[in-house]
Amino acid sequence: MKVIIVGAVAGGATLATSLRRLDENIEIVMYEKDRDMSFGNCELPYYLSYQIKNSQDLVHRDSESFAKRYNIKAKNYHQVLAIDRENKSIKVLNQKSGQEFEEDYDYLILATGAHANIPKSIKGTDKDNVFTIRNVVDVENIRAYYENNHPKEIFVAGGGFIAIEAVHALNELKDTQINMFIRGKILGVIDDELKPFIEENIIENGVNIIHEKELVEITDKEAIFASGKRVPADMVILGLGMAANNKLAKDVGLEITEKGSIVTDDDYKTSDPNIFAIGDVIDVKNFFTGEKENLKLAWPAHRQAKYVANLLGGEKSKKQSFIGTFLLKSFDLNIGVTGLGEAKLEELGYDYDTTLISHTDIVGIMPEAQMVYMKLLFNKNNGKIYGAQALGKGVVDKRIDVIGSLIKMGGTIYDLYDLELGYQPYYSTTEDINNVIGSQAINIKEGRLPHVRISELNDIISAYKIYDIRNETAYRQCHIKGAELFTGDIEKFEIPKDKKVLIYDQTGAKASNTIKRLKNRGTENVYMLDGGMVYLRKYAKYLKLDLVCEEE
């Protein structure tokens, strides 16, 4: 059997080596049109910040190592030009010699990845000072341009993963100002309650964030917007998302989605049974819905590669589906997401609820303690966990990984609360953040903690009598418009009978305890503002909602 793989980065390289481990007799050929194969894509930004000194440290394997260690014929600078499905062959261009040749296959794997999205509506994207970040050569070119031209004003377009990582890395460079253009909201996979924390942290690190509707032109020195606004831009990084490299598939008549991904079945077969596709060029099955969605992440690409290798090698594998778990570092802010966000739950029509907490990652009196802000999304009826989002200067990754694991096991908020997690003051609190948010979600689901979500407040605020239960200083600094301050004894808290009551504090912890005590007294019309003022103040400012009075 002969297997040809087009593309030799994460998915393609993993498939090739996995297949070789299963069978020594399969002929494996891999073609990569660019210089480098099997490189660390996620590590690219750290070369820009000089944390990684040598760019070749990013490259894991080359043609020689594939041949010597795995008996795999792997060739760089070889571009596959066309596929002949009828004769099961491909046409290849050796870019160094200019020679074209044909090669037959039994199975063809398209691991062609994605390319940077460069809108045609923007003039000047072909200028020497404009770059994208896709491979090792790209970051080498960016660093060389910086060293040779000493740009003072660096302009980064985009608000997603690539743009945030680029801003973080480039901000480490000396004598530079970073200007970041965000067309809509930052980091689309994060819900609105957490987005303001990210932007605020980026601004605190000296980056100028520009919210404009449309970038129309890039010159040698400026970025120009449709509004007429001009921003200094000696060097430009376009981080405007990625699009599937689908030309080979499209040219040969394979089925393509409206958004450009190659259509595959659950075995990653395309509409041609002898051609497979994996990685960023395809959509994958969502764990919850069973529907296909785009998920450009390294872990799914590796898993798809191993699945196809097992299939071709005669091994059986469990059908795959993905929840989408990712981590991101933005300056000193750690960000993590797993599962479904609120926009997707709304789109699907799921009956869900959410809750927010603020909690230290370790015991609060420890000098290293830092805050973590977390959101949990769950089924209103049975408590099944749909997703979680967390960020903060504290430890976020292990909390998100734990919840991601629970989701894949069909876990609920009750399971989350009952998890027996390791405790030591340097590593966690007696009840970990995950236990605490699980407990709060249970109280909400079972009616012991009626709450109003921050995202609902603007539409329903007039239906509530609102009390601020913090202190006079905090109240003067900022409070919900129309709220009254109450700092007395809960036993003397006279609740209006003719109207629903909303109470809030800084984080929600005091309000939660107050409502439980009031419920014990038989009070039924009192609600907690979920997350408290720490979330609402940022949320209202970010979305420009007239909800909060600020001290002059």
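The expected span of a helix is 1.5 Å times one less than its number of residues. The legends below apply to a predicted model.

View 1. Helix 1 covers residues 10–22. At 1.5 Å a residue, its 13 residues should span 18 Å. The end C-alpha atoms of helix 1 lie 19 Å apart, which agrees.

View 2. Ten of the 13 residues of helix 1 are buried, so the helix is largely enclosed by the rest of the structure. The buried residues run from Gly11, Gly12, Ala13, Thr14 and Leu15 through Ala16, Thr17, Ser18, Leu19 and Arg20. Elements covering them include strand 1 (2–6), strand 2 (27–31) and strand 7 (107–110). Helix 3 (63–70) and helix 8 (298–312) are also among the covering elements.

**View 3. Helix 6 against helix 16.** Helix 6 (residues 195–204) packs on helix 16 (residues 533–543) at an angle of about 75 degrees, and the axes are 9 Å apart. That angle makes helix 6 roughly perpendicular to helix 16. On the helix 6 side, the contact uses Lys195, Pro196, Phe197, Glu199 and Glu200. Helix 16 supplies Val534, Tyr535, Lys538, Tyr539 and Tyr542. By class, six residues of this contact are nonpolar, four are charged and none is polar.

**View 4. Burial along helix 6.** Helix 6 is mostly covered, with seven of its ten residues buried. These are Lys195, Pro196, Phe197, Ile198, Glu199, Asn201 and Ile202. Just after helix 6 comes glycine 206, with a positive phi of about 90 degrees.

**View 5. Nonpolar cores.** The largest nonpolar core holds 115 residues. Leu110, Leu170, Met180 and Ile198 touch the most other members. Helix 16 gives the most to this core, contributing seven residues. A second, separate core has 41 residues, including Ile413, Ile490, Ile503 and Met528. In soluble globular proteins, nonpolar side chains tend to be buried together.

**View 6. Contacts of methionine 180.** Leaving out residues up to four places away in sequence, methionine 180 touches Val156, Gly158, Gly159, Ala163, Ile164 and Val167, among others. Its contacts also include Ile186, Ile202, Val207, Asn208, Ile209 and Ile210.

**View 7. Valine 284 in strand 19.** Valine 284 belongs to strand 19 (residues 284–285). At 2% relative accessibility, valine 284 counts as buried. Beyond four places in sequence, valine 284 touches Glu291, Lys292, Glu293, Leu295, Gln304 and Phe322. Alanine 301 is 17 residues from valine 284 in sequence, and their C-alpha atoms are 9.7 Å apart.

Note on methods
Residues are numbered from 1 along each chain as its sequence is written. This is a predicted model: local features need pLDDT of at least 70, side-chain atom pairs count only at pLDDT 80 or more; totals for chains, interfaces and linings use all residues. Side-chain values use heavy atoms; hydrogens and water are left out. Axes are lines fitted to C-alpha atoms, for helices over the stretch in contact, and angles run from 0 to 180 degrees between N-to-C directions. Helices (H or I, at least four residues) and strands (E, at least two) are DSSP runs, numbered from the N terminus. Angles under 35 degrees count as roughly parallel, over 145 as roughly antiparallel, 65 to 115 as roughly perpendicular and the rest as oblique. Contact means heavy atoms within 4.5 Å. Ala, Val, Leu, Ile, Met, Phe, Trp, Tyr, Cys and Pro count as nonpolar, Asp, Glu, Lys and Arg as charged, and the others, Gly among them, as polar. Buried means under 20% relative accessible area, exposed over 50%, partly exposed in between (1.4 Å probe, protein chains only). A nonpolar core is a set of buried Ala, Val, Leu, Ile, Met, Phe, Trp, Tyr and Cys residues joined through side-chain atoms within 4.5 Å.
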